[in-house]
Amino acid sequence: MLAVNYANFRYNMKGYFDRVAEDKETLIVTRKDENMVIMSQSSYDSLMETLHLVSNQANYEHLMTSIRQHKEGKDVVHEKGVHTNVVS
């Protein structure tokens, strides 16, 4: 995460935008009142999708079960509506 004051941000806005876009960095622009956060749209979309997935208890539990199964090598393959447990 990068931080820059407002004056420096204005002076080199294109450079900061390029860095945010290319490096998937999050930029904090500090101001006298409230600071601002700048991120790429793809980073924002990913953040919103993650928030959606974990904001519902059932979704969260399903996601955590899937992650645990993956770590244990018990992936589930979905093919044309057929669910097959694959154990490594």
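Reader: How many bridges join S2 to strand S3, and which way do the two run?
Author: This is a predicted model, numbered from 1 along each chain as its sequence is written, where local features need pLDDT of at least 70, side-chain atom pairs count only at pLDDT 80 or more, and totals for chains, interfaces and linings use all residues. Strands are DSSP runs of E with at least two residues, helices runs of H or I with at least four, numbered from the N terminus; two strands pair if DSSP finds at least two bridges between them. S3 covers residues 36-38. It runs antiparallel to S2, and the number of bridges is three.

Reader: How many residues lie between S2 and S3, and which residue in S3 is the bridge partner of Ile28?
Author: S2 and S3 form a hairpin with five residues between them. The partner of Ile28 in S3 is Val37.

Reader: Which residue in S2 stands opposite Asn5?
Author: S1 and S2 run parallel, joined by four bridges. Opposite Asn5 stands Thr30.

Reader: Is Phe17 buried, partly exposed or exposed?
Author: Side-chain values use heavy atoms, with hydrogens and water left out. Buried means under 20% relative accessible area, exposed over 50%, partly exposed in between (1.4 Å probe, protein chains only). Phe9, at 7%, is therefore buried. Phe17 stands at 38%, so Phe17 is partly exposed.

Reader: How many aromatic pairs are there, and what kind is Phe9 with Phe17?
Author: Rings of Phe, Tyr and Trp (its six-membered ring) pair if their centres lie within 6.5 Å; planes under 30 degrees apart are stacked, over 60 edge-to-face, the rest tilted. That rule gives two pairs. Phe9 and Tyr16 sit 6.2 Å apart by ring centres with planes at 35 degrees, so that pair is tilted. Phe9 and Phe17, at 5.7 Å and 75 degrees, are edge-to-face.

Reader: Which residue caps the N-terminal end of H4?
Author: H4 covers residues 57-71. A side-chain oxygen lies 2.8 Å from the backbone nitrogen of Ala58. The residue that supplies this cap is Asn56.

Technical notes: Expected span 1.5 Å × (residues − 1). Polar contact = N/O pair within 3.5 Å; in protein donor to acceptor, adjacent residues only side chain to side chain.
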